[in-house]
Amino acid sequence: MSVELDVFVGNTTIMDEEVYQLWLDGYTVNDAVKVRMEGGVMDECEASKDVLLSDTMDQYRTFQMCERLLHSPAKLANQLLFQIPPHRQIMLIERYYAFDDTFVREVLGKKLSKGTKKDLDDISAKTSVTLKSCRRQFDNFKRVFKVVEELKGPLVENIRQHFLLSDKLARDYAAIVFFANNRFETGKRKLQYLSFQDFAFCAGQLISNWTVGAVDNMVEDMDEHAFQTLPSLRGKTKVFIEMEGSFKNLSRGLINIAAKLTNTKDVRDFFIDLVEKFIEPCRSDRWSAADMKLYLTHYTNSAHILDTFKHQVVWDRYMGVVKSCIFKMYHD
Amino acid sequence: MPGKLKAKIVAGRHLPVMDRASDLTDAFVEVKFGNTTFKTDVCPKSLNPQWNSEWFKFEVDDEDLQDEPLQITVLDHDTYSANDAIGKVYIDIDPLLYSEAASVISGWFPIYDTIHGIRGEINVIVKVELFNDLNRFRQSSCGVKFFCTTCIPQCYRATLVHGFVEELVVNEDPEYQWIDRIRTPRASNEARQRLISLMSGELQRKIGLKVLEMGGNAVVGYLQCFDLEGESGLVVRAIGTACTLDKLSSGSAPNTNTHMHPNTAPASNACNSPSKDGKEPVFVEDLPSSSGPPTPFRALPTSSSPPPFSPSKPCSRQSSSSDTDLSLTPKTGKNTWPRPSFPFSSLPSPTLHIGEFPFFTLTSFPPGFLLHVGGVVSARSVKLLDRIHNPDEPETRDAWWEEIRQEIKSHARALGCHAVVGYSESTSICEEVCILSASGTAAILNPRYMREGCLDIGCTDHRLVSFFLIVQLKVSDSLNVSHHVFEEPSPPNCGFCHIPYDELNMPFPAQLTYCYHCRRQKVPDVLFTTIDLPSEAAVAGKGCLIQARLCRLKKKAQGEANATAISNLLPFMEYELHTQLMNKLKLRSMNALFGLHIQISVGENMLLGLASATGVYLTALPAPGGIQIAGKTPGDLSSEHISSIQKRINDTIAVNKELYQINPPELAEEGVGSPIPEPRHRSRLFRSHSESSDELSELDLSHGKKDAFVLEIDDTDAVEDIHSLLIDAPPPTGFYSCNTENMPGISNWTSGVQMFTSVRVLRLSNANLTNQGLNKIFTDLCENLLKSFYFKLRSMIPCCLCHLNFTVAVPEEELIQVTVTAVAMTYDKEQTQEKTMKESFHVQFNTLSTHQSRKKKFKLYSLFIHPSSASVDYGSFADRCSTWLELLRLKAHTIRRGSVKTISSLERCSPLQEGRSRSLRSSRSFGGSSVTVVKMTPLSFLPGTRIIKYLGIINMFFIRETTSLREEGGVSGFLHSFIAEVFAMVRAHVAALGGNAVVSYSMKECVFMENPNKNQAQCLINVSGDAVICISETDQESSASTANTGQTGGSETDGAT
C-alpha cells in the first residue's frame, strides 16, 4: 500500500514561509520534514509525520512551479496560474533573491561564468551553504547581471525596478554586479577579514560617487577623466606633509592609489591597495578609528589650504569615497 | 440571422519560445466559430505580440450561439513548414445571450494546450448583438438563465417554481473512434474537448427550451454530468429546477433571500419593505392547521399505485438494488420502507402542477416552503452498457433514468410525501457496468408555493410581518432573551421535522415522540435528509461532518455475471453504510443528518461506498440515546473487554457533547409533563433493530440505559467495527467541518475564504486484502486527508471546512482515488461564544466586521501605492508603460467613483471611500498586474459580501495529457499543475466576464489515468459554477445603486485593460 499521488491545490496559493525558507536553503523534502518536526509544528494541529511529509511535498512542488516566474519577478504579478496576494508576492521575491553573506563573499569580484559555477561545490563545502542554494544564489547574481548589463540609467534603480526588490537588497545586488563587472580583487588573504557588508558599503560609495551613471544619463564606468588630473597632485602634496615618516608614506599611498585609478587593470587592486598601503600601516601603529578619522579629515581639508591646488572638486570626490571606505574597512 | 458575434484579438503575452534559433515567436491567431474562420496578421519576433486586430464578425443563428464555443487558436507562423499550434482558448459565449448578465467578455485568457498546459495569455474582446426573433418554433432558448446554485440566487426572487427539468444527449466518444488510431493525442484531446463543449451547449439549449415551454425563465440547481462510457459512447446529462425568477431592484437588495446566509439578515429588517424580506415566518398562522396530517395530498382514495416494493418486480439483467437494500435498512428509521399495504394516492393533490416528477434539485428553500420532511429516498440500478446506436435518440439512457425516477417517486409516496427535494443523480462506470443512482429527500411542500402565481415568496400578509417585527423588537429590547425564546412562537423551526406519514400506517418502524418544540405533532427519533439545514431550524450546538466508509471486494467477472454480483452486493453496502452513519451520529450525540450523499463506486475487483453528511442536534427531535455494547452472553469472558469498550464509547460521547457544544435547552424540561413515549415504542425499536441485523431478540433490554442503541459484539469483526467507529478523530481545536452550505451553529463568518481541491490516489500493493483490511485502509485514507487539510489550513483558525465534497473512484484495479473539494472559512470566535447572534446581536457584529475589514483594506491600499509609485519614471518597458496607463485609468475611475459617492451621501468621509474603492482594485493592480482577484467557493455565498449580479454559468471541460510524466514531476506534479491551470482558466473567464467570484463551484469530474511505464498520464476535469460580481457587505450601508454604478464602471475598466 502506497500513496501514488497526493496533491492539494488552493485557489489562493498556500505557502508556508518556513517551508519556503527550507526550500530556498536547499533542503531535501525529507530533511525539511525533519527540521519541521524538530521545530514543533506537529503539536500545532495534531499532525503526524505523513501529514507533514505530504504538506512539504505539496509546497515544494508549488515553489518549483513558481521558480520559473521568480526568474522575472514582474511576471509574477500578472501571471494567471497562481493567485498570490501581493504581500506574499513581495515576500516570495525578496526571499528568493536573498543570499548568504558568506557565500557572496566567496564569489565577490569573480567573473560570473561557467567556470565559477563549477567551483560552487567547493564554495558550498567551505561555507556550508547547500550546493542547491549556492546555485540559486549564483544564478540570481548572473541573471541580475545579465539584465542590468544592457540597461541604461542608475544601477540600483534598474535592479529595483526590474526585479521588484527592496531598496536594501537592490543595493546589495548593485554592489555584487559592480564588483563582478570591475573584477575587484577581494579574495586575497589580507582582505579576508572584510565582510560582504563592508564591501557592499564601499561599492555603494564607489557607485554613487565615482560612476557617472549614478548622476546623469551618460554611462561610463569610472570617471577616468577626472582622475587623470590627480597625478599632478603628487608633487604638491609634499609641501604640507612635514610630519612623521609614516604620515608621508600614508599620503604617498593614497596618492598612488588615486593615480592607479586611471588604469582599468589596476582598479581591480583598489581594495588590496587600500589595505596594504594605508590600513595595515595604520594598524601596525595601533591607530584607533578616531585617530584615523581625524587624520583623514585634516588630510582632506589641508589640500584646500594650498593655493596652487586646482583640483579641489576632484580631490574632494576622491577623498570622500576613500575616507568612507577606509572607515568602513578599518576594523579587525 | 438573429445574432452577430464580434471578436477582437488585442494582444498576447508571455508566449513560449517557438523558434529556438531566435528565441522568439512569430505568432498569429485563428478565430473560429462554427465553420467560419478568421486570421490575424502575423506579429513577427515577439513573445508579447500586439495584434490589435479588426473586429471579426460572425453572423449566426442563435441556436449556434448557444451550442458552439468561440474557438481561438494561437499559432506560430512558419514559412517553410506547417504552422505550429501554441494553444487554444475556448470561450463559451452563453453568458452574453441574456440581457441581465455580462455585456462583454474581455480580458486575458490563458492559452491552453492539452499537451503542454498553459502557454502564455491572450487578450480578447467578444461581444454579441442579438436581434429579436419572434419565431415561435425556434430551436434556441436564449435568455433562459442557468444557475448551479441550489437555492434561489441572491438578488433574485422566485415568483414561481415550475419543477423538474432533465435532458441528456449522447454521442460517440472521439477517443474511441477509429480515427484516433492515426491522429495525434493533441488532435484527439481537442476533438473531445470541442465535442463536449458542443454537447453541453446543446444540452443547455434543450433544457432551456423545456423551461420556456413550462413558462419559466431560469434553471436553478443546474447539475450537469458526463458519463464517459468508453466504447459505448459519451453521455452528457443534466437536471435542474425550472423557475420564474424576478430580479430584485438593487435598491432593495440587502435583505433579499437572506435565508441562505444568516450574515445578511441584518437588524435593519424593520426598515425594509416587508415584501422583500426573506426571513419572515411566513406560515406562522398556518401551523396550527397544518399540524394534522397533510390531508390535501392524501385525501384522495387509493387508485392503483403498485407497491413499490414487491418481490415480483421484474429484475432482469439489471437488478434494481434499491428495492432490496431498502428492505434491509428499516432499523435506521429514515430510509424508505415501502409497504405493499400502504395506501396512497397515485397523484398528489390536483392543485399541484409540478410535472411528472415532482423533484427539486434545490437544497435550501425559502422559509415556509418545506412543510414536512419524510426522509431520504434513494434508488440504484446496475446496467450493462452497450453501444448507443443512434445518437439522436438516446432512448435507452432516457428509459433507464425514467425507471429510477419512477422508483424515487414511489418511495416518496410511500413516505406520504408528494415531492422530492435535494434531488441528485449520479453514475459510476467500470468497463461495461454502470451503476445509476438517484437520491433525494421526500417532502411535503407548501401548496401555496406551487399554485400559479402564488409563489411570490415575498408576498405575505402584512399582518404576519408586523407580528414578526414585534417579536423582533421585543428581542432586541432585552438582550438577555436567548434566541430560543425568540423562536418559540414561530414553529417553522420544527415544522419540517414533523412526520408527513400516518402514524398508524408507518412506512417503516420508527420511534415517534411528540415534537420537543411545539408538543403538538409527532417527530421521528432521527432524521436523515439530503438537503441543507433549513435556516429557521432550531439546533443545539454545532454540526459536524459524519462519514461512513466501506470497501467490499468482489470477484472479477464479465458482463451479466458481473452486474449480478454487483447488484447483490449493493444492498449490503447500503445497509452497512447506514449502520455506520447511525452509530457515528449517536456517538456524536446528534439526531439528524443533512446533506447526506452516498456514493458507491465500482471497480474491477471492489466496490467503494462513501456516505457523507452533516450531523446536527435538532432540538425538535428527542435526544439520542447512547450506544450500548452487549456481548453475546452477558457473563462472557470478554466482559471486561466489553466494559472497557463501553467506557470508551461513553467517554467519546461525553467529549463530543462538549466539543460540539450540545446542550439542548429542553433537557431540563424533559420530564415536565412532556409526552414521553411509552416503553412499547422503545422495545419496538430494539426489535426492529435486531430483526434487521439478523439477530435474535434475546437482547437483554433492561441491560442498559433506556434509550440506548445496542451494539452486539459476537465476533472479532464486530470488535473491529467498533474500533473503527472510535478512530474517527475529532477535528483539532479551532476547526469544524460540514458538507452542507451552512455550518449549523456558526454564522458569523469573517472574510477569510480558501477553496481547495485535493486528490489522493492509493495503490494497494497487497493483493490478498480482506474486507476488513480494505476498510481500514480506506478509512485511514479519508481521515488522513482531513488531517492534512486541518494542518495546511491551520493559519486560518478559527475556521470551518464547509461543503466538504468527497468523491471516490477506482480508476484501476489496485488504485483508490479520493477527490475532495471544499472551502475553508474563518469565523469570529468571540461571537460564537455568545451562542447565537440573532437579530439583536447583529448590529454589534456588523459594526465590528466593518471595522476589521476597513483596517485590512487600508493595508492593501498602502501596498498598492508602493510599487506603482516606484514605477513612475520607468518608461523603458512596454508592459510598464501599460501599467502606468492602467494606473491612470484607475485613478480616473477612482475619481469618477468618488464623485458619485459624494453626491449620493455627503456625510461619508471621502478619504475612506477613496481608500476603499481603490483598495477594491488594489489587489489586481499590484506591480503592473491587471489580474483580478477571483474568489471561488462551493457555497452559494461569500461571507461578508453580497452578490449583486450573476454573470452566467461556468461549465468547463479540460483534458491534459503528457508523454513526459517524469519530467513534469511525476503524477503528483502533473496533476498539481493541471488543477492549478484549471483554476487559472476558471478565474480568467470569470474576470473576463467582469466578475470577481465563482459561487457554487464544483469539480464534477476528475478522471485520472496513468501509465508510468510509458511515462504517460492523462487527466480529464470538468468544473462548473456561477460567475458573479459581489461587493463587500460594508458597502451595503451606502446606497446600493451607487455601488452598482461603481461596479459596472469597474467591470468596464476591466474590459479595457
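## Basis of the values

The model is predicted, so local features need pLDDT of at least 70 and side-chain atom pairs count only at pLDDT 80 or more, while totals for chains, interfaces and linings use all residues. Residues are numbered from 1 along each chain as its sequence is written, chains are lettered from A and ligands numbered from 1 in the order in which they are written, and side-chain values use heavy atoms, with hydrogens and water left out.

## Helix H1 of chain A

Helix H1 of chain A spans residues 17-24; helices here are DSSP runs (H or I, at least four residues) and strands are DSSP runs (E, at least two), numbered from the N terminus. Its buried residues are Val19(A), Tyr20(A), Leu22(A), Trp23(A) and Leu24(A), where buried means under 20% relative accessible area, exposed over 50% and partly exposed in between (1.4 Å probe, protein chains only). These buried residues pack against four helices of chain A: H2 (29-38), H3 (49-70), H5 (86-97) and H9 (131-149).

The N-terminal end of H1(A) is capped by Asp16(A), which places a side-chain oxygen 2.8 Å from the backbone nitrogen of Glu18(A). Just after H1(A), Gly26(A) has a positive phi of about 80°.

An open sheet of five strands has the order S1(A)-S25(B)-S27(B)-S26(B)-S24(B), with mixed pairing; two strands pair if DSSP finds at least two bridges between them. Strand S1 (2-10) of chain A and strand S24 (735-737) of chain B each have a single partner strand, so one side of each is left without a neighbour in the sheet. On average, neighbouring strands are turned by 25° against each other, direction ignored.

S24(B) runs parallel to strand S26 (residues 799-809) of chain B and is joined to S26(B) by three bridges. Tyr736(B) has Cys800(B) in S26(B) as its bridge partner. Helix H19 (residues 970-992) of chain B packs on the sheet, touching S1 of chain A and S25 of chain B, and its direction makes about 25° with that of S1(A). H3(A) lies across S1 of chain A together with strand S25 (749-763) of chain B, at about 60° to S1(A). Axes are lines fitted to C-alpha atoms, for helices over the stretch in contact, and angles run from 0 to 180 degrees between N-to-C directions.

## Chain B and Pro731(B)

Chain B contains 20 helices and 31 strands. Of its 1057 residues, 63% count as buried.

Pro731(B) sits in the loop between helix H13 (716-727) and S24 of chain B. This proline is buried, at a relative accessible area of 11%. Leaving aside neighbours within four places in sequence, Pro731(B) is in contact (heavy atoms within 4.5 Å) with Tyr660(B) and Tyr790(B). Its C-alpha atom is 10.0 Å from that of Glu783(B), 52 residues away along the chain.

## Aromatic pairs

The structure holds 45 aromatic pairs over all chains. Rings of Phe, Tyr and Trp (its six-membered ring) pair if their centres lie within 6.5 Å; planes under 30 degrees apart count as stacked, over 60 as edge-to-face and the rest as tilted. Phe179(A) and Phe184(A) form a tilted pair, 5.1 Å centre to centre with 55° between the planes. Phe179(A) is buried at 0% relative accessible area, and Phe184(A) is buried at 2%.

Ring pairs also link a cluster that includes Tyr20(A) and Trp23(A), both among the buried residues of H1(A).

Technical notes: Polar contact = N/O pair within 3.5 Å; in protein donor to acceptor, adjacent residues only side chain to side chain.
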